[in-house]
Amino acid sequence: MTAVAIIAAVLALAVLSVQLGLFGNSELKAAKPLRVSTQVAQQEKSLAITRSFAGRIEAHREAAAGFELGGLINAVSVEEGQKIRKGSPMAKLDTDILRARRSELIAARNRAAADRDLARSTFNRLKAAIVRDAVSQQAVDEAARTIRAGEAALAQSNAAIRSLNVQIRKSVLRAPFNAVVVSRLVDEGTVVASGTPVLNLLEDGLFDARFGLTGPAADTLQRGRQATIRVGNKQMVGVVKSVLPLKDRNSRSVDVIVKLPEQDPSIRHGDLARLDVPFEREETGIWLPLTALTENSRGIWAAYVAKQDSKGMIRLERRQLQIIHQETDRVFVRGTLKAGDRVVTGGLQRLSPGQVVELAKPSTANHTSNGGLIDG
């Protein structure tokens, strides 16, 4: 063990000798201060931010189209994905029974018309005969009553025929608006009940976007106001169609419906959309770039401030912060940081409190409009 200790001591002396030979103790110099970039913090009295809310594209109108009457489907003349104009026929019911019933009603109407005409002739003859006292007044009155009964029967037959004509007309299913056929639910030969959906339709080309807004954002939007919407890589300006006067029970959000400005074939029902809502509230704080933040003890955030000491040296001080709002590349904070402080904006992993640094040359760019900081 003694030999090992002696060898170790000899090696240590050798290393020390080399170091002393290269860096003589009298020639040791302090390391050059690290150069840092800083920006001067500016106090803001309000927080103007833009919040983004997710939503869904919806057709302006959609319908599960079906017949008002039940019956046997004779034809479905449209296919899925087909565009149709308002009023175009889409499907037909079998109308053989209705047309046979219509023929019966027409015959009954003709019979009622003949009975009425006979009653009128009889009344006219009796009216002429009563002048000669050939008939009684009661016979004339009964003939007049027969005319009124015949006219009522004729009116009833005409009403029944009109009702049947409506049923025949409604046996053709027509498009309620300009639409695209999304799905075809039944085919020819199917017997459907009244109201059974036959085709699912979406209005062609006209879309709304529905968003669920939380917090004060919903209060900033009013009917008729413009709103900026993003669908994929496209940005467009829509108009607020309505702000619903109730909150969702689960999400506590308020639904806002925005009408899209124009037809766009690349936009589809069900697409995801985002609504950007700018609003401002009274809030005192300072904007900092994300690169100016460092994590302090116990998860508290902090920033480094470069200050000149009594000897004219630039030293770093750590200032604790509270984050009020965060965006992609900046944060709005308050805490021990004050307006006019020169905040270090990068390279924080190499810094520590009390460290002497050198300030980088001021940049010519002014960033006051992008976070309340000035390069310096």
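The lining of the largest pocket comprises 7 nonpolar, 4 polar and 5 charged residues. The structure is a predicted model. The pocket has a volume of about 330 Å³. Its lining consists of 16 residues. Val-180, Asp-204, Gly-205, Phe-207 and Ile-267 lie nearest the pocket centre. Two elements, strand 9 and strand 11 (197-203), each give two or more residues to this lining. The largest share, 3 residues, comes from strand 9.

Strand 9 and strand 11 are joined in the antiparallel sense over 5 bridges. Within the sheet, Ser-183 stands opposite Asn-200 in strand 11. Strand 9 (residues 179-184) also pairs with strand 6, again in the antiparallel sense, over 2 bridges. Here Ile-84 faces Ala-179 of strand 9, the two residues standing opposite each other. In general, the strands of a sheet pair through backbone hydrogen bonds, either parallel or antiparallel.

Another open sheet of 4 strands has the order 8-7-5-10 and antiparallel pairing. Strand 8 (172-174) and strand 10 (191-192) stand at its edges. Each has a single partner strand, so one side of each is left without a neighbour in the sheet. Strand 5 (residues 71-76) and strand 7 (residues 89-93) pair in the antiparallel sense over 3 bridges. Ile-73 stands opposite Leu-93 of strand 7.

The nonpolar cores were examined next. The largest nonpolar core holds 24 residues. Ile-57, Phe-211, Leu-213, Ile-229, Leu-260 and Leu-275 touch the most other members. Six elements are listed as giving two or more residues to this core: strand 3 (44-59), strand 12 (207-213), strand 13 (226-231), strand 14 (234-247), strand 15 (254-259) and strand 16 (272-289). Strand 12 provides the largest share, 4 residues. A second, separate core has 19 residues, among them Leu-93, Leu-173, Ala-175 and Leu-201. In soluble globular proteins, nonpolar side chains tend to be buried together.

Phe-211 is found in strand 12. Is this residue buried or exposed? Phe-211 has a relative accessible area of 1%, and buried means under 20%, so Phe-211 is buried. Neighbours within four places in sequence aside, Phe-211 is in contact with Phe-53, Ala-54, Gly-55, Ile-229, Val-254, Asp-255, Val-256, Val-258, Ala-273, Arg-274 and Leu-275. Phe-211 and Asp-255 are 44 residues apart along the chain, yet their C-alpha atoms are separated by 5.5 Å.

Ile-57 was treated likewise. Leaving aside neighbours within four places in sequence, Ile-57 is in contact with residues including Phe-207, Asp-208, Ala-209 and Val-231. Further contacts of Ile-57 include Leu-260, Ile-267, Arg-268, His-269, Gly-270, Asp-271 and Ala-273. Two of these partners, Phe-207 and Ile-267, are also among the residues nearest the centre of the largest pocket. Ala-273 is in contact with Ile-57 and with Phe-211.

Key:
Residues are numbered from 1 along each chain as its sequence is written. This is a predicted model: local features need pLDDT of at least 70, side-chain atom pairs count only at pLDDT 80 or more; totals for chains, interfaces and linings use all residues. Side-chain values use heavy atoms; hydrogens and water are left out. Two strands pair if DSSP finds at least two bridges between them. A nonpolar core is a set of buried Ala, Val, Leu, Ile, Met, Phe, Trp, Tyr and Cys residues joined through side-chain atoms within 4.5 Å. Buried means under 20% relative accessible area, exposed over 50%, partly exposed in between (1.4 Å probe, protein chains only). Contact means heavy atoms within 4.5 Å. On a 1 Å grid over the protein atoms alone, a cavity is a set of points where a 1.4 Å probe fits but cannot get out, and a pocket is an open set with protein on both sides within 12 Å along at least five of seven lines; lining residues have an atom within 4 Å of a point. Grid points are joined across faces, edges and corners, and a volume is the space filled by probe spheres set on the points. Ala, Val, Leu, Ile, Met, Phe, Trp, Tyr, Cys and Pro count as nonpolar, Asp, Glu, Lys and Arg as charged, and the others, Gly among them, as polar.
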